[in-house]
Amino acid sequence: MAANGSQGSASAPFLRAHGAELHRMAAMLTGRRGDADDLLRHTLTRLRTGALLAGPDAEERARAALITDFRRRSRTERRRREDLVTGPTGDAADRLASLSPVERAAAVLSLGHGWDAERTARTLRRRTGWVAQLTSGPGTEQLSDALQAAGDRHARSTQEVLELFRDEVEAAPAHDGLAAAGDGLAAAGDDESNDGGATYAATAHDTTPPPPDATQRPRLSARTRRAAVAGAAGAALALTAWALTRASDEDTTPDTTTTPPTPGLVASDWQLSDDGEPPSRVGGLRLGDTIEIDYRSASEPIDLSSARSAAAFTAPSASWAILWCDLPAVEDPSLHLPELTLTLPEGAATIPCAGREGIPEVSRLTPFLAPVVDATEVPVSWSGDLPGRGTAVLAVYTETESRLVTREDPGPPPAAEPGAVVIDQDNEDPGLITWDVAASVRPIEIGHDSQVQLWSAAGTPMGAIVDGVTLTDDGDLLRAVGQESGQWWRQQDPQLREGMWAPGIPGRDRTFALPDAVRPPPGETRTVMLMVTAHQVSAPTKPGWQVQVTDARAVDQDALAAPVPFVPEDGSGDDPTTPQYAAGYRLEGRWLIPADGYPRTIQTVGDPTELAVVALATDDELFASGGQNIVGGMLLTPAGATPLTYSWSVVDGLGWTTYWSPMPGSAGRLDEDAQLTLPPLVGSPEVQALAYAPVDYEDFDFTHAPPAGDARPVTEADDLEQSGARVVGTGTVDDDGVVTFPSIEGDRLDSLRVTTQGKGRMRVLLGDQLLTDVDLQHDGWWSSWTLEHVSTDISIGPVTATQLPDLRIVTQGWEDGFTVEALAWP
């Protein structure tokens, strides 16, 4: 049977060097010599088929493959009790027999072979703490003795291994899938119990020549596949208990609703507990519901009424599904993993099976949009090869806040790659810290193959923006301004929240590819502006973070240090988007600044404390950049740092400055030695940053000024019934311009609806309290700042009925028309 060949000649020396030790490991894993023989034979055949028994890492690959095959061949979560040692069993044997396959593997690697917890955890894709807890504490020495006893009793010598397995590793290999299926089916035919898992059995191994490559064959129905396998094996392969069902016997094609593997997913985070329970919280996801599905009634509708979070009723949010299934321990490419499809109003979602024992492991979280109503009877369907017996656990997760996690040491950040640019928390720009987010901005030269790797020590959110393109956004920023389209939830990423990557677990890293919008062609480079954002948290020490940009080069920043010149306004412009007079201000000049997030020193002019800064951007520019910016712009002066956002119009920007920035010298006002930062927009276009100075009421040119703030033409005034407000009183004006409300309906008023035409202004007081004090630049006087006939709602309340006598409204001007109504809101 032996066949001489390059693979065979490489296999014999490997078997002589490592065969006995591998068989001892197999004996510790299985607890029986016959089972150890079968396990090692299967592993050697598989590795030899792939030419993996040669090279310096061959032994390491073989050990890992032996562990994987052992776990695959273990079909139940509760392993049978094994006869490990002669004589009566003791406490150690009882404990060993009660271990699940993955626990048994951890014990063998750590206690039987002396691996440390970190190496064992990496091989098994489990947490280091889990391994350390399992392999330490009371009884560990006795457990180690029991494993060694199993190895001493059942392990074979080097000579025995050579005689037993030489043909296996040097013979021409059988077709991978059928050989593996034969191994699995034969193993199921022993006299040991199969406690509740997927059921199968067979009586012989398959020895037929390999058929054509399975990847080139059409996908067959279950009935056709079973007939083909039986025919190819002949009488030697009798499928005595292959209880597989299919949703349909028709040929199937891939379901377009199936999503690719979830980026950044770590499989060890998504494993069932020893009791078979899904994890309750991982990162920023929280378990919302668990549904157990019996294969005997797998097609019945399921209840998803608990699948949608409370926040989803006001702000749509995707839910996430994972499915753990009882699966047969068969490696056959003609068999297809089962998939469950939820038929939902917003679109179907297909969820693949992961094995309860972690093989196959969870590879993706499936997004879906749970129905708000009628969620108790959601239709389902199955595809793939679903076992006839067993159960599946469907777990539904919803998004929650990513919290600072300090329960474990994250360790050092990833080592710097050759040719990478590295930025970390020591590079934060103080002038860019706003809204609990710190930022660092650097010009970087990138290539076609450059990538951006983020690492968060505490698991707190981070973001990356390259030339205005947010790498860490899955559409949340546009949805925040009502720009979602189609089945937006299919593109949701469970780790991306509001434009930031939120791992929620310490020490995680994730690599993001550059989008085509900023990536240069092959062989070329491009200089871009990289903005890194990181959430600030209350902690004894500042959480660490790191960003690496591979295949990149840092760019000298000296060229960006020159002050941006101020261009004075000469009064000759007639651009309606930049009016000379607006909202009580006069245009003094402007700066032209790239919208790339980089802090730039600006020249000042005139009285520096009396300028308000407005940066304009169009709807298209804002939506192309995600609708909202993670970090706003910043005006940094000796008086402090002040947020600066884009405005759609000058009056909108001045209204923001006026209503929310009352103190001169801060909040939009300009001091000497100032720096100005504009939020990044796609392509980093030059944006006008306009400087307006307040003008006295008597000197303001009302003639061509647009309406200020929320003023709107009377013909476009809001319908009160539609808005929900109601008029509760009408003011009267005496000869001195004093407004009074004789009475109001109800117990309060919330705002004033002021309709004006012509030049005028007013102040509103409640006793000695000035309610129009939002504009200190104009001594608390409010005006519509236009000659047009407009209506404006001004919030002053609530003012109760008992306070009404103390309400005083004083007006000046508006000879062409003035009325005021008191409004109450629901």
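**Exercise 1.** Is W501 buried or exposed?

*Solution.* This is a predicted model, where local features need pLDDT of at least 70, side-chain atom pairs count only at pLDDT 80 or more, and totals for chains, interfaces and linings use all residues. Numbering starts from 1 along each chain as its sequence is written, and side-chain values use heavy atoms, with hydrogens and water left out.

Start with the location: W501 is in strand β17 (residues 500-501); strands are DSSP runs of E, at least two residues, numbered from the N terminus. Next, check the area: W501 has a relative accessible area of 1%. Buried means under 20%, exposed over 50% and partly exposed in between, with a 1.4 Å probe and protein chains only. So W501 is buried.

**Exercise 2.** Find how the rings of W782 and W814 are arranged, and what the pair ties together.

*Solution.* The whole structure holds 10 aromatic pairs. Rings of Phe, Tyr and Trp (its six-membered ring) pair if their centres lie within 6.5 Å; planes under 30 degrees apart are stacked, over 60 edge-to-face, and the rest tilted. For W782 and W814, the centres are 6.2 Å apart and the planes make 45°, a tilted pair. Now look at the loops: W782 lies between β38 and β39 (790-800), and W814 between β40 and β41 (818-824), so the pair ties together parts 32 residues apart in sequence. Both W782 and W814 are buried.

Terms used. Helix = DSSP H or I, 4+ residues; strand = E, 2+ residues; numbered from the N terminus.
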